[in-house]
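This report describes selected features of one protein model. Please look over the sequence and the structure before reading on.

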Amino acid sequence: MSRTSSDTQLDKVQIKSASVYNIHGLSGSQHSLSVPPIHKDVPGYRGSNEFILTDDKQSTMDQIKSIGPWFRRKCKNVCRRKILYKRVPVLNWLPKYNMDDAVGDLVAGITVGLTVIPQALAYSSIAGLPAAYGLYGSFVGCFVYILLGSCKDVPMGPTAIASLLTFQACDGVWQRAVLLCFLTGLIELLMGLFGLGFLIDFVSGPVSSGFTSAVSLIILSSQVKDLLGIVAKGNTFIEQWSSIIDDIHNTQVGDALMGFICIVVLLLMRLLPRIKVGPPDACDQSVVQKIINKSLWLIGTARNAIIVVVCGGIGAAFYENGKQPFRMIGEVPSGLPSVQAPPFSVPEMKDANGTIIQEYESFGDLLQGLGSMLIVIPLIALLENIAICKAFADGKPVDATQELIAIGVSNIANSFVQGYPGTGALSRGAVNNASGVRTPFGGLYTGILVILALLFFTPYFFYIPRAALAAIIIAAVIFMIEVRVVKPMWRSKKTDLIPGIATFIACLALPLEYGILVGIGLNILFILYHAARPKIHMDQAVTPCGVKYLMLTPDRCLIFPSVDYVRNLINKHGLKSQIPVVIDCTHIYGADFTAAQVIDTLIKDFKSRNQLLLFLNLKPSVGNVFEGADLEYRVFYDFEQLDKAIRECRRKSIPA
């Protein structure tokens, strides 16, 4: 049996009279197929013990002995130059670095730095931590990503989603947050080393949209208390709004007025980069027009920093001897954080009266408290990071494994300077890209700017109103609510809305880790349902000599959830037609032992009523599974020979 040129792995093979044939797969491997005739007048061949499909299988002992050489080959491959350049991407672009790259990175790094400083201060409040911790996690990761990052547009640092997850996991205890940063980075690094980046494939687009939209609403709700100057607590959306309603009568007019004005100004400033003075083509603009357009773009991009400076100035102007016209973020420790190992326990703390305000927690207690967040946060961090890489990849492939390694090492390094978990932020990534960043080296200038802020500007952070930071967060996360995906999802496939809406509702009502697990679980159920209910195309065909037969074509592999359903359908059509049945296995690319057992039962069903059942275009891999279960079946790879077999079997009444 020699293979003809075709698109499938084994489509139509001309059957010859010889008793031994060769099957050549796409990979070039050769299989020996020993075929005795079914009948002297009937071409084709039987399955089971009458022929064996071999592929030079090794014995168990030989496979065990091959482990050592395999391991040595893997170790040798790790030390290859190609792998080194792949896992340390800076070696690829640094030798080609030029002055244009340096200028682009400088402008982008400073611009992102002006964005990350106010965001870091604001995100700290989402995480329930003092403002300084946001800055602590915003510079070391930038330096590490320069060496290991594969995407020029990713700015490492705190994000809104990571901050909210940190708050739900750590409840404002900084020791837990720093340890969470270390463990998150360690898990991300291990996932990268073991190539587990594929896990994000289990988070579908609808689930991701539902999760992001719910998180955006929760973050927005968490900032309402600072916007109105009231006190409110709660982890879930419902708890937060219940607490807000209970204390809304204590709204501070000054905070509310400043907060709402800041939101309106920020939304208007967001439109400035879209305004163009002069001709649309930059080449046709005069020098003055270019300066005006660049200035509008810079003001719009640095809007968060401008709002912080202006509102901080207002807060300082109205501050008198401890009297605060607005609720301010308070004192931020000056200087860089001390470099030390992350805390592996939480010490007991007492107030002046000896009352315990914080109980001692061992490392085991901390691990138990963090729970599933140790898996959820790394996955969400990878999702955020990959979203940036894909958005600005320009068609290039994204290396999820390398990104896991980069953000993992960055988080481990951040934990040694008291940072909490972070990743690449899409909003800052857009600023980075629009600023003309050329390489990951732009992170150097962003990190330096954060260091300068910690060294010289922390005394002035005291006067920044909390309402202004709340306005910055609200004006940013309101655009993360992905309403725009509902309409195309409805048009494309309406059932995709079910896991998306379920994830959205679950994340609002339950802790976030349970919410996203609900979405992933529903997605898996949908996948299993489709796997268990394959489509079977039915055609009634006629041989050239006029013998009718039924051609049934399943559209996917045979695995245990679907085989009983397939058997019942085939039996149903076979009983109804009472003519020979041919199963076209062109699309059956895999099978398991349960499927083989059920197919064996199906063959016996047809034999019991003396009805012919044949197989067409069976893949070698599926044949191996059927052989292992000792199935007695007939398979063909050519329509001419199939027609002849049906005609002869029909004429001679050869049993199936």
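## Basis of the model

The model is predicted, so local features need pLDDT of at least 70 and side-chain atom pairs count only at pLDDT 80 or more, while totals for chains, interfaces and linings use all residues. Residues are numbered from 1 along each chain as its sequence is written, and side-chain values use heavy atoms, with hydrogens and water left out.

## Overall make-up

The protein has 27 helices and 15 strands. These are DSSP runs numbered from the N terminus, with helices being H or I of at least four residues and strands being E of at least two. Of the 656 residues, 50% are buried. Buried means under 20% relative accessible area, exposed means over 50%, and partly exposed lies in between (1.4 Å probe, protein chains only).

Among contacts with a separation of 6 or more, 74% are between residues 24 or more positions apart. A contact means heavy atoms within 4.5 Å.

## Helices α8 and α10

Helix α8 (residues 160-170) packs with helix α10 (residues 205-228) at an angle of about 70°, and their axes are 10 Å apart. This makes α8 roughly perpendicular to α10; angles of 65 to 115 degrees count as roughly perpendicular, under 35 as roughly parallel, over 145 as roughly antiparallel, and the rest as oblique. The axes are lines fitted to C-alpha atoms, for helices over the stretch in contact, and angles run from 0 to 180 degrees between N-to-C directions.

From α8, Ala 160, Ile 161 and Leu 164 make the contact, and from α10, Phe 211, Val 215, Ile 218 and Ile 219. By class, the contact has seven nonpolar, no polar and no charged residues. Nonpolar covers Ala, Val, Leu, Ile, Met, Phe, Trp, Tyr, Cys and Pro; charged covers Asp, Glu, Lys and Arg; the others, Gly among them, are polar.

## Leu 165 in α8

Leu 165 also belongs to helix α8 and is buried, with a relative accessible area of 1%. Leaving out residues up to four places away in sequence, Leu 165 touches Met 373, Ile 377, Ile 380 and Leu 512. Leu 165 and Pro 511 are 346 residues apart in sequence, yet their C-alpha atoms are 9.2 Å apart in space.

## Ser 124 in α5

Ser 124 is part of helix α5 (residues 99-126) and is buried, with a relative accessible area of 0%. Its side chain reaches the backbone oxygen of Ala 131 at 3.1 Å. Apart from residues up to four places away in sequence, Ser 124 touches Leu 129, Pro 130, Ala 131, Tyr 133, Gly 134 and Tyr 420.

## The buried side of α18

In helix α18 (residues 426-434), the buried residues are Arg 428, Gly 429, Val 431 and Asn 432. They cover an arc of only 160° around the axis, so they sit on the same side of α18. The arc is taken from the directions from the helix axis to the C-beta atoms.

The buried residues of α18 pack against α5, β7 (156-157), α13 (287-301), α16 (373-391) and β10 (423-424).

Gln 578 has a positive phi, near 55°, and is not a glycine. Gln 578 sits in the loop between α24 (563-577) and β13 (581-584) and is partly exposed, with a relative accessible area of 42%.

Asn 617, also not a glycine, has a positive phi of about 60°. Asn 617 is in the loop between β14 (613-616) and α26 (620-628) and is buried, with a relative accessible area of 4%.

Conventions
A polar contact is a pair of N or O atoms within 3.5 Å; within protein, one must be able to donate a hydrogen and the other to accept it, and residues adjacent in sequence count only if both atoms are side-chain atoms.
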